[in-house]
Amino acid sequence: MIWDDLREFIRFLEEKKDLVRIKAEVDPVLEVTEITDRISKKGGPALLFEKVKGSQMPVAINLFGSYQRMSWALGVDDFNSINQRFTELLRGDFDLNLRQKVEALYNLYKLSASKPKEVRKAPCQEIVMERDFSLFDYPVLKCWPGDGGRFITLPLVITKDPESGKQNIGMYRMQIFDKKTTGMHWHTHHDGAVNFRKTAKLGRRMELAVALGGDPVTIYAATAPLPYGIEELFFAGFLRGKPVEVVRAKTVDLLVPARAEIILEGYVDTGEARKEGPFGDHTGYYSVAADYPVFHVTCITMRKDPIYPATIVGRPPMEDCYMGKATERMFLPFIKMQFPEIVDMNLPIEGVFHNCALISIKKSFPMHARKIINAIWGLGQMMFTKFILIFDEEVNVQNTSEAAWKAFNNVDPARDIVISEGPLDVLDHSSPRPIYGAKMGIDATKKWPEEGYQREWPDEIHMSEEMRRLVDKRWKEYGFE
Ligand SMILES: Cc1cc2nc3c(=O)[nH]c(=O)nc-3n(C[C@H](O)[C@H](O)[C@H](O)COP(=O)(O)O)c2cc1C
């Protein structure tokens, strides 16, 4: 099942009894966070706050906040199935049986369905406001006590590459400065910032639109680490197997999701910056205030009865962890296509995706682990990974206890650790200076004589099969259940 907008998805979650409506009035300042955090930490449902102080609009939150809801949002029962679909698509195996041929044709059809479909009339433009509007009329959350203000937390920021005309959508939080301006917190490595620098070089101000809501796949796509130049709207259309409907924005030259709830249109001026933050971030720490561009909102279009979508981030697990896990599963086949020796990868949620990767490989030559460590540091947004641990293929990296046991026992710190330097995620607070610093690669594989290991590597302890079967058979006889 594929959802065309947020309200369809909300209705579905309600039918599945995985969304709770809160009728009591709540404050968008801290109270929504405290409630959502408690529900989130218990693995609870999505929430729809119907009465939010100071605004006419309901707030939808935690819509993606479980493995199940994240899968449903992508139109599948289990997002591992998307991993399988990509694996099959990329396998390049042309010796296909009939079922596989039909699947390959279906995948090709989906590729052709990926181009967004432009429509003339759109729900997101039922109301158009070019003058009398205030961002304070929206139920924008102040998430944590130390936050610098209220932040739009689930925005789809739409920019354009001035050279190719291609559009990018990224999710970058936006602090409300006043009625008509916000911060634009795109990290310097992200595509919104790249487009901004390109536009600035041409001496132009950059037109920009921000969609709130839309279909859940497009919302997810804004967070996906696509290579620069691959458009999120096409990727979303491919995942959906159905084009995303778009409409031309009213005052800027951009296409926006037609079935979004709210669209903010405006511009960012080159050379203008303002302190943004602090903000309680997904690392579980506040990101400190820093200078970021200013978004001037010149027009708001919206539905007659918009639902305001939000999320909160903080100490994991939170809603964004499930989005990150979907990305981990979905992008693994692409990584494996370049490095077929990779068996599996786990980005543990405590590492908040950019701090830690556990990777198992089919080791086939000396120092093979180091090849993969260096490769990962050169791979898209994986370049930020602060700790990479490489294991032999039989290690289940999804089991962090097993991975820790292997690493603590197999690693000789003098021999198996590589320290390098390079770009770090903007949110890293440990390095002496922002956005770059040290990274560590750890080779936790069994060491070979060719790698200089001259002792005998010990065998792992396992009971004999014969004895296991015997004890299985006699288990009740011993008096155990
Ligand atoms: C809830 C959430 C909030 C995010 N906030 C920001 C942000 O404020 N700034 C930023 O640069 N990236 C943020 N990200 C990460 C980017 O959306 C993500 O890296 C995305 O791939 C960037 O897209 P781009 O490569 O097209 O720029 C956030 C992700 C999520 C899930």
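Predicted model: local features only at pLDDT ≥ 70, side-chain atom pairs only at ≥ 80, totals over all residues.
Let me start with the cysteines: the sulfur of Cys 143 lies 15 Å from the closest cysteine sulfur, that of Cys 321, which is too far for a bond. A disulfide is a covalent bond between the sulfur atoms of two cysteines, and here the term is applied to a pair of cysteine sulfur atoms within 2.5 Å. Cys 321 is in no disulfide either, since the nearest cysteine sulfur, that of Cys 356, is 14 Å away, and a search of the whole structure finds zero disulfides.

Residues are numbered from 1 along each chain as its sequence is written, and side-chain values use heavy atoms, with hydrogens and water left out.

Are these two cysteines buried or exposed? Cys 143 counts as buried, at 2% relative accessibility, and Cys 321 counts as buried as well, at 3%; buried means under 20% relative accessible area, exposed means over 50%, and partly exposed is in between, with a 1.4 Å probe and protein chains only.

Now to the whole protein, which has 13 helices and 23 strands, where helices (H or I, at least four residues) and strands (E, at least two) are DSSP runs numbered from the N terminus. Its radius of gyration is 24 Å, close to the 23 Å that the globule rule gives for 481 residues, so the protein is as compact as a globular protein of that length; the radius is taken over C-alpha atoms, and the rule is 2.2 Å times the number of residues to the power 0.38. Of the 481 residues, 55% count as buried.

Let me turn to one helix, α6, which covers residues 191-201 and whose buried residues are Asp 191, Gly 192, Ala 193, Asn 195, Phe 196 and Thr 199. What do the buried residues of α6 pack against? They pack against the strands β7 (155-160), β8 (167-170), β11 (206-212), β14 (262-276) and β17 (290-302), where contact means heavy atoms within 4.5 Å. Just after α6, Gly 203 takes a positive phi of about 75°.

Leaving aside residues up to four places away in sequence, Lys 406 touches Phe 391, Val 395 and Glu 460.

Finally, some backbone details. Most residues other than glycine have a negative phi, and most peptide bonds are trans. With that in mind, look at Lys 17, which is not a glycine and yet has a positive phi of about 60°, and at Asn 62, whose phi is near 65°.

Another runs from Pro 316 to Pro 317, with omega near 5°, and Pro 317 lies in the loop between β18 (308-310) and α9 (319-338).
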